[in-house]
2 protein chains.
Amino acid sequence: MTETTAPTQATTTTPAIVPEGATALVEKHRDALTAATAALEARSFHSRYNESPSPKVHGEDAAPNGLKAHEAHLGQKFSALESQPSTGQWVGSEKSPYGPELGASYPQLDVDAAMAAATTAQKAWRNAGPEARAAVCVEIIDRINARGFEMAQAVMHTSGQPFVMAFQAGGPHAQDRALEAVTVALAEQRKVPESVIWEKPAKGEPIRMQKDYRVIGRGVGLVIGCNTFPTWNAYPGIFASLATGNPVVVKPHPQAVLPLAITVEVAREVLAEAGFDAALVQLAPEETGGTLAKDLALHPAVKIIDYTGGPGFGHWLETEAAAAGKLVYTEKAGLNTVIVDSVETMRAATGNLAFSFSLYSGQMCTAPQNVYVKASGISTDEGELTAEEFAEKLGQTITAFNKDDAKAVEILGATVNDDVRGRANDFTGLASRLGGTPVLEPREVEHPAFPEAVVRTPGIILLESDQRDAYSQECFGPVVFVIKTDSTEQSLRIATDTIQEHGAMTMAVYSTDEEVLADAREAAADAGVALSENLQGQVFVNQTAAFSDFHGTGANPAANAAYADAAFISNRFRVVTTRRHV
Amino acid sequence: MTETTAPTQATTTTPAIVPEGATALVEKHRDALTAATAALEARSFHSRYNESPSPKVHGEDAAPNGLKAHEAHLGQKFSALESQPSTGQWVGSEKSPYGPELGASYPQLDVDAAMAAATTAQKAWRNAGPEARAAVCVEIIDRINARGFEMAQAVMHTSGQPFVMAFQAGGPHAQDRALEAVTVALAEQRKVPESVIWEKPAKGEPIRMQKDYRVIGRGVGLVIGCNTFPTWNAYPGIFASLATGNPVVVKPHPQAVLPLAITVEVAREVLAEAGFDAALVQLAPEETGGTLAKDLALHPAVKIIDYTGGPGFGHWLETEAAAAGKLVYTEKAGLNTVIVDSVETMRAATGNLAFSFSLYSGQMCTAPQNVYVKASGISTDEGELTAEEFAEKLGQTITAFNKDDAKAVEILGATVNDDVRGRANDFTGLASRLGGTPVLEPREVEHPAFPEAVVRTPGIILLESDQRDAYSQECFGPVVFVIKTDSTEQSLRIATDTIQEHGAMTMAVYSTDEEVLADAREAAADAGVALSENLQGQVFVNQTAAFSDFHGTGANPAANAAYADAAFISNRFRVVTTRRHV
């Protein structure tokens, strides 16, 4: 017996209560959300925010005005957040990886008062419904975008990213990921109708009920930011939680507060204008060495945690915070992997890889590290190459790519912390401790504008396949391992094993053999990692596109979530049904 | 800048590999899945499996043949599962709540061998893709349906449910929930296209990439069944995990193995016929008192756990197993709540409630327990009634409803364990320990066919609103609390607080005042519980309909998940992308 009744028009008994300001935003952003929703379904190219920092796009004044706005923060209290519940203390310890102390300070959050305010604010946000929340979120993102050059400076001088990257990854690319999270959130909430008539056939009259479905948030969403991508990695969590009806407390990395302070300022401004309580988004800054993240994570009001950062604290969240009943979404670190089986065009392949290794000095969670090359030799357009020869040629390409200091710093950026600097500065020591052979030493690069910046080109260490301990650790920063294997089959097996055990955000393969590519796809599926095949052009393994590429898979230890799939969103809200006979 | 490219036709590099047997099932069940998908989107009435046990539907022989099939299991080895990896031991300790020992025994699983077999089997299941998996699942459910009367006997004699309920809740209703899980799983997987062409505008030629998306399971799904609803509560987890590409190990309650043994037998049969490895579904039986559930939960191969049962072990799973990285979906217990503000038709309202209290002796996770009535009096068609008078009238209705033993047992069923029996047998002692006043004593009912069955009608205890300790505990079984409050406002406040703290699967409200109903909806949203308004007919608060009602919300401590929303499904699989230039 199959019986299905058609949906019948019903009027919900719990209609959305949308403030006037938000109603206007629903109209304003309807088309934007329609376009984004279509792109998400098609997983096609979609970008709402122009990635070019060119004056042709933004006008001649945009960049200098952004710099001016940035400079106005330096050495100052960030007073735009004074309306938050505060202990009265101002905190701040940011120092640019390019040298200067930022000297900005931020109001220290009174955590209990902030959580109470957030919880009170949640109710009207819940009752406004998914459409209003999505529209308010788009307005927030648009307004963040309007401060693009100020944000670029803030990201550059906290993360150490080069300027253009800070503009793009810290701005439009982060904003596109934010919009993606809002779009997935809206799609997930729309799946549940507001109201239906349910009609069950029965003897005589059918049984008819009206059922209303209402989306409710879970509680406060805590977003713990990282030093290297303060906005890009925080926005998916912030906007996923907010769009699904949850207030958000943003806990920035102590060395990367400013980009998120600006973000929170804009969010509070828009929320208040739209008729909501600004307490829906709050900043929880602290100075280096604090334990605020842990305290916040275990606060009873916090129900959702998004985290990007080191595996140590990530693991604590995945165990202790998860055991305390929090929903925990992490992105940690892993052994990003390249398999080299054969190469169509050495110049293009090594050029592509050299860029991936050099970009932001390998300080991306997606930057490749472990390059497996079969020792017996790979077939290339430059002849059969041994693993050593391949490593040499890769080294030459990296050297040539970074030969001009002034140009190199615009790719390499600055090293972000002493840990990274230590490995780059004592590269010979590192190679010797690992039992490997240095093929290419990192080169000291002088930054023409910021002499204090520590800038290093990538170095290469050659390892044998049986030195698994050496290449099973993440060496964050400009360190590349070329690992000699017996065969591509062995390369794939080791890659799968190490990724299953230690995680990876990315995997790349170079092969001219379709069978090897098919094997690589199977290995990627087994390891649970995204695969890029034969990148030789202007797409790089460490870059993913919002609305199309998932960032992470959630299927290996590097991350338990992906930007942005249904699993990243759908548990951030629940559905409450009310039903009555009609 | 808004740019969206239309999706372009692409051919995946990782096509599904579907065995011939499964291809036939995809054709066979296409319409069934289309209809189910439409119903899910509309949340309209949908049932694939006829809930009537009438011979007019199934033929005269179906019931006696089912009984015969059931009797053939008694005292016998369940040899259909002999093909599972086994320790060589046979285990079994089931005793019917109606009296007789079942005497059936089941092959004890060799856990490590079983996990290895499951993991090996997973790959072909993954590579078959979502459509083939869904079709195979529908075939399994259809074949379980074909053994409906045998299953009814198995459910009745393990849970103590009355026959018709065992037929319906253990059969068609459970099967509809299974189909719902398969349908949600298919919809979630279909959201990600198999392959797209992504085209980014660039200077000159656009950048074009083919991206293939592949769904991969997480690992073994462990489903831990309960005593009272062995199939209904296990099927959502079993089919959610299976349909998303995960092998499943089913660990039944030691007193309710048979219904799940039959289920696993059918699943293995269908899987093998469809060209897959039967190790994708395995049964892990044990005798009463074992610790197998804990051992299985912590097995490294297990990645997903579905659990229904007591809060103690549920909490252990939510803390310890969650900390070990398992995805944990629980349904435990709570304080199901009724708010009585005013009543349109006392006869109909108390009749509806009497059925809800009596059905299966209140041994449903959705059965109401706490009835809040304002002491000052409620307005009804039988005049203004004090809380005491309401309790008296409710008691009279319950007594009248169950006055005939032979008819009463067909609603009450049998008490399932000593815990339930203890409360029913020493009801005066229970009332006195709680500090309440007994309004109605449970009555001993003699089962005409099964003299050993312990059958009791519901009893009522009157409590004051300040006796919160008393009514903040779940008294599973035929126990009703009527709680006197100062006002409906207080009723709603206490209900919200206790549900936020202790959880609830259901809430009902009786009021003729639309403002009170609106307040109740707000309270339900705050408490995160589903609300039924003014049930006076043939829909009961303890029953939910697949495809339309969510079972549980996941928003209060009674359950961290709901049957069956996207949150219940979408994290059981991950997506691996491969991309290449085209």
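Strand S7 (residues 220-224) and strand S10 (residues 302-308) of chain B pair in the parallel sense over five bridges; strands are DSSP runs of E of at least two residues, helices runs of H or I of at least four, numbered from the N terminus, and two strands pair if DSSP finds at least two bridges between them. Within this pair, Ile224(B) has Tyr307(B) of S10(B) as its bridge partner.

The model is predicted: local features need pLDDT of at least 70 and side-chain atom pairs pLDDT 80 or more, while totals for chains, interfaces and linings use all residues. Residues are numbered from 1 along each chain as its sequence is written, chains are lettered from A in the order in which they are written, and side-chain values use heavy atoms, without hydrogens and water.

S7 and S10 belong to an open sheet of five strands in chain B, ordered S9-S8-S7-S10-S11, with parallel pairing. Strand S9 (281-283) and strand S11 (327-331) of chain B each have a single partner strand, so one side of each is left without a neighbour in the sheet.

Chain B also meets chain A. The contact (heavy atoms within 4.5 Å) takes 89 residues from chain A and 89 residues from chain B. Between the two chains there are 24 salt bridges, a salt bridge being a side-chain nitrogen of Lys or Arg within 4 Å of a carboxyl oxygen of Asp or Glu. One of them joins Lys123(A) to Glu522(B), with the closest N and O atoms 4.0 Å apart.

Strand pairing crosses between the chains as well: strand S20 (residues 531-533) of chain A pairs in the parallel sense with strand S23 (residues 573-581) of chain B over three bridges. Here Leu531(A) has Thr578(B) as its bridge partner in S23(B).
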